[in-house]
Amino acid sequence: MMKTGHVEKTNDRDFETELRRYRTMETAANKLQKEAKGYLDSLRAMTASQMRIAETIDAFYGDAGARDGVSRSYKQAVQDLDAETIKALDGPYRTTILDPISRFCAYFPDINACIEKRSHKSLDYDNLRAKVKRLVEKPDKDVTKLPRAEQEATAAKAAYDALNEQLITEIPQLIDLRVPYLDPSFEALVKIQLRFCAEAYSRMAQVQQYLDKDIREQYAEGALDNRVEEVLQEIRDLSIAGTV
């Protein structure tokens with residue numbers, strides 16, 4: 001018991017321990033739900049950005065890009081990645097990751113309502129117990145008040161104990177179930193990421209065939225910086241760019 005003003009407050013250490021564990025899990029699960037949605041939004045934003053830069057590069061290359069096929073190939077690869085891969089992954093991602101996480105988090109309002117109800121039951125019991133104590137210390141002229149108050153306090157304690165025991169028993173079970181419940185979603189996340197990366201690599205690899213062979217070799221040998229510097233020097237040698 002803990003005194004609060006003139007009323008002794010019921011304090012259950014076992015419940016407080018489980019409540020702290022539950023709040024930690026609740027915070028982590030809600031953050032997981034937010035980040036899972038953010039990941040899908042980020043994939044869409046990334047492919048949308050790729051689409052914009054591909055269109056800009058294609059416009060920048062102009063006829064030169066049309067002749068060697070580099071910019072058009074890159075643009076087509078990005079379009080395919082957006083139209084096929086991202087859209088194909090959207091449904092499975094929602095079904096195997098977003099929806100299960102959201103369903104798990106959907107239990108929290110009901111659990112929180114039970115926790116709040118326990119708090120009210122505890123307060124009711126504490127107030128009735130205090131009432132009994134006052135009647136014992138200062139008996140009322142109406143001798144029936146004390147038995148009635150004792151009966152009400154007993155009923156309030158039974159209601160509080162039942163809900164308190166239920167929470168102490170079931171909160172740890174919920175916490176323990178989080179891992180086996182979310183394991184399949186984690187596995188699905190890894191597989192979806194693997195598929196996206198593999199598809200992106202495959203489509204970008206197809207663009208390489210349109211790149212100059214010498215440039216590919218220079219990149220592999222780490223000599224591309226020198227080639228870039230040579231081109232920059234040629235630009236500087238132009239009269240109109242002599243001050244750059």
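C105 has a relative accessibility of 8%, so this cysteine counts as buried. C114, at 30% relative accessibility, is partly exposed. The model is a predicted one, and a search through the whole of it turns up zero disulfides.

Helix 3, residues 70-105, packs against helix 1, residues 13-61. Their axes lie 10 Å apart, at an angle of about 170 degrees. Angles over 145 degrees count as roughly antiparallel, and helix 1 is therefore roughly antiparallel to helix 3. The contact between these two helices comprises 22 nonpolar, seven polar and nine charged residues.

Charged side chains also pair with one another. Over the whole structure, 16 salt bridges are found. One of them joins D80 to R203, with 3.9 Å between the closest N and O atoms. This pair connects distant parts of the chain, since D80 belongs to helix 3 and R203 to helix 5 (residues 145-207), 123 residues apart. D80 and R203 are both buried.

A second salt bridge, between R94 and D90, has an N to O distance of 3.2 Å. Here both partners sit in helix 3, four residues apart, or about one turn of the helix. D90 is buried because its relative accessibility is 18%, whereas R94 is partly exposed at 35%. Both residues also belong to a network of salt bridges that links them with K37, D41 and R44.

D140 and K145 form a further salt bridge, at 3.6 Å from N to O. D140 has a relative accessible area of 34% and is partly exposed; K145, with a relative accessible area of 34%, is partly exposed too.

Terms used. Residues numbered from 1 in each chain as written. Predicted model: local features only at pLDDT ≥ 70, side-chain atom pairs only at ≥ 80, totals over all residues. Heavy atoms only, no water. Axes fitted to C-alpha atoms, helices over the stretch in contact; angles between N-to-C directions. Helix = DSSP H or I, 4+ residues; strand = E, 2+ residues; numbered from the N terminus. Parallel < 35°, antiparallel > 145°, perpendicular 65-115°, else oblique. Nonpolar A, V, L, I, M, F, W, Y, C, P; charged D, E, K, R; others polar. Disulfide = S-S within 2.5 Å. Buried < 20%, exposed > 50% of the residue type's maximum accessible area, 1.4 Å probe, protein only. Salt bridge = Lys/Arg side-chain N within 4 Å of Asp/Glu carboxyl O.
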